[in-house]
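Visitor: I'm new to this one. Can you put it on screen and walk me through it?

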Amino acid sequence: MVTGSQPSACRNPIGDHLLLRFFKNKVDYCRIHEHEIFYNNALLHPRMGRYWAKLPVIRAAMVAHPEAEWIWWVDSDALFTDMEFKLPLDRYKNHNFVVHGWTHLVMETHSWTGLNAGVFLIRNSQWAMDFLEVWASMGPQTPDYEKWGETLRSTFKDKAFPESDDQTGLAYLIYKEKDKWADKIYLESEYYFEGYWAEIVGTLDKIEARYAEIERGEEDSAVRLRRRHAEKVSEQYGAFREEYLREAGYGKGSWRRPFVTHFTGCQPCSGAHNEMYSGESCWDGMRKALNFADNQVLRKYGYVHPSTGDSAATPLPFDYPAEF
């Protein structure tokens, strides 16, 4: 897993604290599932800043880790809200790039939000090296940067700003150069490979209550779920729980824990945010999602946040949640 943030201190007074918690969340997930993680806060190309900064970092990680089959980029403002869920890598065995998106929105509607480039998998391969080079050629390192901005905006009419960006550039390569790249790119829409926080945060309390209800059952399978075992066997709990989640579905409208919640439009470090919502809704939503995820980790240590809005930790009775 590869992630990172800017090299300077955050302007938002709580930005550095939020980024630390987002990073801890990723470390927790990687520890549970035995993934390596690389956090970068150095600008590896002097002209490739903001959203373009990730591409040199990903390339560097590929070079440094030839033993890794996949490089998994996760934005600093995205977090894991299902600590048990594992990537279905067999599903992507014939692909080299996986990103959350919808084929019809990219190929037919031509929407720049038809995918989200904040979380993606890229196979460590020559294909990936070639693809990253072409993708990066749309960025500010190239003398054609302004021209690319014009091209992307004329192709994707709903693009919100004039300069070339990584997300619209990716959509362009899928749409305009589909014969070269698209057959190796998987647009994942069946589960929250990354999910929009504004449609997720309000559901978290009900989801937590539903999971607790399952574990209060008297059948052996429910008792097995509420026993506290070592953190190293956390993956087993995900497998045990599946018999209860078969009818839950995935994505919007599901009561299954969302895999990744992405605070796109909120910028925890700068403090800027989309005008569609207030800064407080961003920061409160982040705390809620972080506590929701943290409960899944703390529980193994005998503690839990009493609610997703409470950062305090409370010790648990042995038979939690049956005795809580």
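Visitor: Let's start at the tail. Where does P321 sit?
Guide: P321 is in the segment after β11 (314–315). Keep in mind that this is a predicted model.

Visitor: What kind of peptide bond joins Y320 and P321?
Guide: A cis one, with omega at about 5°. As a general point, most peptide bonds are trans.

Visitor: Where is E34, then?
Guide: E34 is in the loop between α1 (15–33) and β2.

Visitor: Is E34 buried or exposed?
Guide: Exposed. Its relative accessibility is 69%, and the cut-off for exposed is over 50%.

Visitor: And H110? What is its phi?
Guide: Phi of H110 is also positive, near 60°, and H110 is not glycine either. H110 sits in the loop between α3 (103–107) and β6. Its relative accessible area is 21%, so H110 counts as partly exposed.

Visitor: Let's zoom out. How many helices and strands are there?
Guide: The protein has 12 helices and 11 strands.

Visitor: What about the overall dimensions?
Guide: The C-alpha trace spans about 65 × 45 × 40 Å along its principal axes. The radius of gyration is 20 Å. A compact globule of 324 residues would come out near 20 Å, so the two agree.

Visitor: How much of the protein is buried?
Guide: Buried residues make up 51% of the 324.

Visitor: What about contacts along the chain?
Guide: Take contacts between residues at least 6 apart in sequence. Of these, 70% join residues at least 24 apart.

Visitor: And charges? How many are positive and how many negative?
Guide: There are 38 positive and 47 negative charges. Their mean positions are 0 Å apart.

Visitor: Pick a helix for me. Which residues of α2 are buried?
Guide: Helix α2 covers residues 54–64. Its buried residues are K54, L55, P56, V57, I58, A61 and M62.

Visitor: New topic. How many aromatic pairs are there?
Guide: The count comes to 29 aromatic pairs. Take Y92 and Y186: their ring centres are 5.0 Å apart and their planes stand at 70°, so the pair is edge-to-face.

Visitor: Where are those two in the chain?
Guide: Y92 is in the loop between β4 (78–80) and β5 (97–101). Y186 is in strand β7, residues 185–188.

Visitor: Are Y92 and Y186 buried or exposed?
Guide: Y92 is buried, at 0% relative accessible area. Y186 counts as buried too, at 18%, because the cut-off for buried is under 20%.

Visitor: Give me another pair.
Guide: Y196 and W197 are also edge-to-face, because their planes stand at 70° with ring centres 6.4 Å apart. Y196 is partly exposed at 28%. W197 is buried at 5%.

Visitor: Which residues form an aromatic cluster?
Guide: One cluster is made of Y29, W72, F80, F85, Y191, F193 and F259.

Visitor: Back to the loop between β4 and β5. What about N96?
Guide: N96 is found in that loop, between β4 and β5. N96 counts as buried, at 10% relative accessibility.

Visitor: What is N96 in contact with?
Guide: Leave aside its neighbours within four places in sequence. N96 is then in contact with W70, L121, I122, R123, W127 and K184.

Visitor: One last stop. Where does E213 lie?
Guide: E213 lies in helix α9, residues 204–215. At 53% relative accessibility, E213 counts as exposed.

Visitor: And what separates E213 from G118?
Guide: Their C-alpha atoms are separated by 33 Å. Along the chain, E213 and G118 are 95 residues apart.

Definitions and conventions: Residues are numbered from 1 along each chain as its sequence is written. This is a predicted model: local features need pLDDT of at least 70, side-chain atom pairs count only at pLDDT 80 or more; totals for chains, interfaces and linings use all residues. Side-chain values use heavy atoms; hydrogens and water are left out. Helices (H or I, at least four residues) and strands (E, at least two) are DSSP runs, numbered from the N terminus. The radius of gyration is taken over C-alpha atoms; the globule rule is 2.2 Å times the number of residues to the power 0.38. Buried means under 20% relative accessible area, exposed over 50%, partly exposed in between (1.4 Å probe, protein chains only). Contact means heavy atoms within 4.5 Å. Lys and Arg count as positive and Asp and Glu as negative; His and the chain ends are not counted. The place of a charge is taken as NZ of Lys, CZ of Arg, CG of Asp or CD of Glu. Rings of Phe, Tyr and Trp (its six-membered ring) pair if their centres lie within 6.5 Å; planes under 30 degrees apart count as stacked, over 60 as edge-to-face and the rest as tilted.
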